[in-house]
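Here is a short report on one protein chain. Look at the model first, then read on.

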Amino acid sequence: MSTNGTTIPLPAYLDLPPHLSAQKYFFVCTLTVLSWDTLVLSPRSYKLGRTKTWPALKALYYFLQFWVVSDFVVTGVMFFSTSVTQDPDCRRFWPYEPICTAILLFAASAVHVIRISAIYSHVDRVRSAMFALLFVQAIVSSVCCGFYRSVHLRDGQGCIAGPLDNQSWVGIYWLFPTILYGTSFALAVSRSIKSLEARPLSPWRLMLRDNLNLYGTIFFVNLINVLFYFIMTPTGSDDPIKTIVTSMAAVLTATMTMRIVLGVRGPLENGGTFSSTGSGSGSGVTGTISGTTVGVARGRGAPTYTLDNMHTQSKTGAAARGVGKSEGSWDADKSSVDAPTDAKGVLPIMGENDSVGDERVPPRVGVQIMVDKQIEYDNMPPRK
């Protein structure tokens, strides 16, 4: 800056190179996203906290919520501070950011491993593959933390941790989490597409139902970050261009993973259930009850049952309506519903080709029914 022909040098915190200036603006955007998500998710976090049990997904949810805020508040203070010096302040501070981010990524990846294993009913090959990726990620991230150093900025420009001598190979710190999130995204999409055979949905509704947009966002933002590490060429040792997207990748990974936990329908024990079946194990069989969709979870080779023409014309039909209501409760060892006291009868569940005297029908068959839609016949006009 010049005044009356006299050049006045700018202070270091204003005299920023282009890439450093861009990173500071991008970090402001990151803190804005984090603040907004923390505010928006607060009511749902409070509601989740009121549940009595503490499964792994719930514990990881609150850990991510606390850890991402504590990580980026401290990092932001050091990043924007105009009073810190490169030696000794930044030299002492630099391990904080890569170590805290590695812990953050590990917790988010653990959520993906638990959730993907659950929607695949804890199949050994899927669970083993996901846990193997998580183990490799933990080892690689721990080793790579030792190859980060404080970027050589001027005093007053803040503290930023970056790869030692801007070496591209240190990007494997982010590569293995990206591989895990890509695998998680591919498996989630594959499971959702397979569910269309039993219950067709539009692509938009399928994406929202199974949170595919969240899995995709996490994968693509981490992929962009990896590309910056391996492709972008810095202009010198003080150029932080490789880490420009790092802050946004970490925050979006944490907040989108938290939304995946909140998107689980039903209890969170054992990773929750898959939304299209409502059950984590067994095979789904679909039938209809006069417009009411019912999912019946049976063992392998179980016949398909269809229940039709249930109406309030008989006492049996009145008792059958208790299947979709809260008055009755299931007995795991019986093929009927414990009807309320005012019920006059219980409708047996029969196969299409079976009869009462058929020995092929076991006397005590355990079934599980999920009612997706209920129709109150008492509120409908009588048929003519």
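Helices (H or I, at least four residues) and strands (E, at least two) are DSSP runs, numbered from the N terminus. This is a predicted model: local features need pLDDT of at least 70, side-chain atom pairs count only at pLDDT 80 or more, and totals for chains, interfaces and linings use all residues. Residues are numbered from 1 along each chain as its sequence is written, and side-chain values use heavy atoms, with hydrogens and water left out.

**The whole chain**

The chain has 10 helices and 9 strands. Buried means under 20% relative accessible area, exposed over 50%, and partly exposed in between (1.4 Å probe, protein chains only). Of the 384 residues, 41% are buried. The chain exposes about 20700 Å². Carbon and sulfur atoms supply 60% of that area. Such areas come from the Shrake-Rupley method with a 1.4 Å probe; for residues, only the protein chains shown count as cover. Contact means heavy atoms within 4.5 Å. Take the contacts between residues at least 6 apart in sequence: 72% of them join residues at least 24 apart.

**Asn 225**

Asn 225 sits in helix α8, which covers residues 212-231. Is Asn 225 buried or exposed? Asn 225 has a relative accessible area of 0%, so it counts as buried. Leaving aside neighbours within four places in sequence, Asn 225 contacts Trp 174, Lys 242, Val 245, Thr 246 and Ala 249.

**The cores**

A nonpolar core is a set of buried Ala, Val, Leu, Ile, Met, Phe, Trp, Tyr and Cys residues joined through side-chain atoms within 4.5 Å. The largest one has 65 residues. Phe 72, Leu 104, Ile 116, Tyr 173 and Trp 174 have the most contacts inside it. Elements giving two or more residues to this core include α1 (18-49), α2 (56-80), α8 and α9 (246-262). Apart from it lies another core, of 5 residues, including Cys 90 and Phe 93. Which residues does Leu 104 touch, not counting those up to four places away in sequence? They are Leu 64, Trp 67, Val 68, Phe 72, Ala 250 and Ala 254.

**Packed helices**

Two packed helices are described by the angle between their axes and the distance between the axes. Axes are lines fitted to C-alpha atoms, for helices over the stretch in contact, and angles run from 0 to 180 degrees between N-to-C directions.

| Helix pair | Angle | Axis distance |
|---|---|---|
| α5 and α6 | about 165° | 8 Å |
| α4 and α5 | roughly 175° | within 9 Å |

Angles under 35 degrees count as roughly parallel, over 145 as roughly antiparallel, 65 to 115 as roughly perpendicular and the rest as oblique. So α4 is roughly antiparallel to α5, and α5 and α6 are roughly antiparallel to each other. Among the residues that meet are Phe 106 and Ile 116 in α4, and Met 130 and Leu 134 in α5. The contact of α5 with α6 includes Leu 133 of α5 and Tyr 173 of α6.

Most residues other than glycine have a negative phi, and most peptide bonds are trans. The bond from Asp 87 to Pro 88 is cis, with omega near 20°. Pro 88 is in helix α3, residues 86-93. Ser 121 is not a glycine, yet has a positive phi of about 55°. His 122 also is not a glycine, and its positive phi is about 60°. Ser 121 lies in the loop between α4 and α5, and His 122 lies in the loop between α4 and α5. Ser 121 is partly exposed at 33% relative accessible area. His 122, at 31% relative accessibility, is partly exposed.
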